[in-house]
Structure formats: C-alpha cells, structure tokens
Amino acid sequence: MAEVHLPTTEFEEADAAHGNQHGVTDEPNADAEPMVSLLSVEGELTRDETYSPYLDALSAEELLSFYSDMATVRRFDQEATALQRQGELAMWVPMTGQEGAQIGSGRASKPADYIFPTYREHGVALTRGLDLSLLLRQFRGVSNAGWDPRETNFHMYTLVLAAQTLHAVGYAMGMARDVAAGLAEAAATIAYFGDGASSEGDVHESMVFAASYQAPVVFFCQNNRWAISVPFEVQSKVPLVRRAGGYGFPGIRVDGNDVLAVYAVTQWALEHARSGKGPVLIEADTYRLGAHTTADDPTKYRDRAQEDAWRLKDPLLRLEKYLRSLGLADDEFFAKVSAVGDELAAHVRAAVVTMSAKDIGASFANVYATAHPLIAEESAWQRAYEASFADAEGVAE
Ligand SMILES: Cc1ncc(C[n+]2csc(CCOP(=O)(O)OP(=O)(O)O)c2C)c(N)n1
Ligand SMILES: [Mg+2]
C-alpha cells in the first residue's frame, strides 16, 4: 500500500493545498543553503569576485598570524578548562572549534569599531589585544567584568542571552551621530550572538531598530549548532541568514571554520555598515567541539559521530595545509606558535592563582536593601570557595 502523508498542522494543510508558500524547507539546517567558503578542508583556496580582494591585500605575515592567533586561543582555552578542573575557576566556557569564526571576524575589525561579545568570544578578545588573563577574573568570581572595555573597545561579557545585541544597536546609533557631527571617524559595532540567542525577542527588536535607523552594526551569529542541549533544528525552521531579508538588510552565510572567508565577509560587512548603508547579518556556520560549559556533558545529548565529522573541518588544520602548500610555514614555525601558546598558558595560570576577591563581598550586600536567605546562602558558598584557595601560594587576602 502506498504511504499517504496526512497533514498534522494547519500549516501543513495549507502547504499541501497550495504548495509550500512559507519558504519553509524540509530541512531547516539544509547544507544546500548558499555559503561563502574560500579555503577547503584540503587547504585549497578558491577565488571569489567579491571576497578574494580582501585576501589579496594580506601580507604573508598577516596570513601566518591568522594561524598563530587561532592556535594561541585554542591553547588558552585548554588551559582555562584545566584551571577549572583543578578548582581554580568556578566555571569555564570553552570555544574550541570556533577559532575560525572568532579570529576571522575579530581581525576584520578596526580599533575604532566597538565589539559586543557574548560569553564565549575569547578569540575575538585576543584579536582586540586584551590580556586574556583578565577574561578569567569573572570565572574566578573576583569581578563582575574584569577589564575596562574602553581600552580595547571590547565590551564586557554578557551572560543574559542577546541583551548585548540591543546595546550594540544603541551604541552604533550613537556612533553614527558622532560621525555626522564630525566628532569621530566612521566605525561600526559587531554584535555577537549564538543560534540559541537568535530566538530571543531582543534580537528581533535589535534588528528592527538597526534597519529603521540604518545603524552601523554587524550582527555576527555563530551558529555552532547547539544551544546547550537544544539542536539548531529546533531553533529555526529556516536558515538563520534568511531572516535578514525580513528586516530588509543583507545576510551572508559563511563557512565559520574558514578563517579567511570569515575575515573577508566581515570586512565587507563592516565597510557596508561604516559607510552608512546600514546593518548586515552574518551567519557563521561552525561547531562547538567541546562542552557548553565545564558544567555540561555533551555525551548526554549528541552523537560522537557528529563531533568527529566536524573535527575533519577543523579551522586550524585547513589553514596549516594551505600555509605549508605555499611554503610559508614549516615545522619550525608551528613549534614557535606552540611555544607562544605555552607562554600565554603559564601567564594566565600565574595570574589566576593570585587573583583576589577581597572586594566582591559588596556585590552580595548590594542586591537587596535587607538580608535575604538566598543571598546569605550564595555569599556563604562564595566564602567557602575563596577559603578553598587558602593553601595556594601567594593568594592575597
Ligand atoms: C535570557 C537568558 N535565557 C537563558 C539563559 C541560559 N542560557 C545560557 S547559554 C544558553 C544557550 C545559548 O546558546 P547559543 O545562543 O546558541 O550560544 P552558545 O552557548 O552555543 O555559544 C542558555 C539557554 C541565559 N543565559 N539568558
Ligand atoms: Mg549555539
């Protein structure tokens, strides 16, 4: 007997009667969606009329530094994860796998641009010249932020999903006014957010405002396929990049594990925004190879086979192949990069074990006007946590 598909929702009934008029694909995550990808997994570079000129302008040193940045932040990420496992950090948010998306986009930004990260943009922080040990202050629990954003135009981490997209649009609108008044050079903001955060109302409101006011903002979504344990398929029924059309600005889907493509696409988008043409949405197709945070266990909700498939698309490996094929890098170069990573790891470790939480008590006192049992409980936990470092060498009181 032939299989009959019975519509189960009113939309499906409408689709059955009139054909699919909602632009809904059978597979929302369809790999068929066009994507800018310049450097293949095999390390071969293809040309693209729009984006290759941005790469032509790069010197050999710059190309090499794309690799060293990616390798350095991966080493940093490993060290921070180890520090958490050793009880030196309360939590860590790993970014391994997303180096291409983060280094490529961060390197495309200029010092005058202003970056609004989520909580996972350690690679972008590196490209902005932030001392990465400062990122660990919040995860050690000694600061609400950890650095002065004005020094690098790299804003504080935002843990409230998508809130920073609103901040980025408001800031960009202010920047545009400064430029119009002759007070500042043309610059843009980049609002980073995840596939999960894309479902927040804040992202919608940000995009409506950005479009209405032609704000110089680049919305950079790292679609790493997971929002903790929720797969992207649940998050959106259309590829995210298509949403830009609904707001009335360009959307570009880019291979997030191709650092060169991400760099070129973000350069294009930032130029578009800075020149007064309004916002751009970039959807970077990537993958979180590790856990959501050190408190998460991805083996409970996803297949090892999926992780293995993404390991083959590693952003570092393909650039290594390309640099070797050009004769720009040899074993000696990669050994040096590895030594730089080890130095950074030693630096952040030394910084973490001497971090002092002596001022953090006020944060608990300032939550409510009067005593509150939950705050008392949290404050006691924090004191016990601090006491656990007492035997560590050099801890300041
Ligand atoms: C407003 C809000 N709701 C829920 C959370 C809890 N939460 C933290 S991270 C996360 C998943 C975010 O996924 P995604 O946006 O894809 O970013 P990723 O963590 O994958 O980088 C959730 C639900 C939160 N921090 N803020
Ligand atoms: Mg995600």
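## Close-up views of a predicted model

**View 1. M35 in its loop.** M35 sits in the loop between α1 (10-18) and α2 (52-56); helices (H or I, at least four residues) and strands (E, at least two) are DSSP runs, numbered from the N terminus. This is a predicted model, in which local features need pLDDT of at least 70 and side-chain atom pairs count only at pLDDT 80 or more, while totals for chains, interfaces and linings use all residues. Residues are numbered from 1 along each chain as its sequence is written, and chains are lettered from A and ligands numbered from 1 in the order in which they are written. Is M35 buried, exposed or partly exposed? M35 is partly exposed, because 18 other C-beta atoms lie within 10 Å. (With C-beta atoms placed from the backbone, a residue is buried if 20 or more other C-beta atoms lie within 10 Å of its own, exposed if 12 or fewer, and partly exposed in between.) Leaving aside neighbours within four places in sequence, M35 is in contact with R253, V254, D255 and D285; contact means that the two C-beta atoms, placed from the backbone, lie within 7 Å. A261 is 226 residues away from M35 along the chain, yet their C-alpha atoms are separated by 9.8 Å.

**View 2. E49, in the loop between α1 and α2.** E49 counts as exposed, because it has 6 C-beta neighbours inside 10 Å. From the C-alpha atom of E49 to that of V169, 120 residues apart along the chain, the separation is 30 Å.

**View 3. M175 in helix α8.** Here we meet a buried residue: M175 has 25 C-beta neighbours inside 10 Å. Its contacts, leaving aside neighbours within four places in sequence, are A184, A187, T189 and P216. L312 lies 137 residues from M175 along the chain, with 41 Å between their C-alpha atoms.

**View 4. Helix α9 and its buried face.** The 12 residues of α9 (residues 201-212) reach 17 Å from first C-alpha to last, close to the expected 16 Å, where the expected span is 1.5 Å times one less than the number of residues. Which residues of α9 are buried? They are V203, S206, M207 and A210. Seen down the axis of α9, these buried residues fall within an arc of 95°, so they line one face of the helix; the arc is that of the directions from the helix axis to the C-beta atoms. An α-helix has 3.6 residues a turn, so residues three or four places apart point the same way. Covering the buried residues of α9 are, among others, α8 (163-180), β2 (189-194), β3 (217-223) and α11 (243-247). After α9 comes Q214, with a positive phi near 50°.

**View 5. Helix α12, mostly covered.** Of the 19 residues of α12, 14 are buried. Helix α12 (residues 259-277) reaches 25 Å from its first C-alpha to its last, close to the 27 Å expected. Just after α12, G278 has a positive phi of about 100°.

**View 6. The surroundings of ligand 1.** Ligand 1 is surrounded by 14 residues, and the closest are L161, G194, G196, A197 and A227; a residue is near if its C-beta atom, placed from the backbone, lies within 6 Å. This shell has 7 nonpolar, 4 polar and 3 charged residues. (Ala, Val, Leu, Ile, Met, Phe, Trp, Tyr, Cys and Pro count as nonpolar, Asp, Glu, Lys and Arg as charged, and the others, Gly among them, as polar.)
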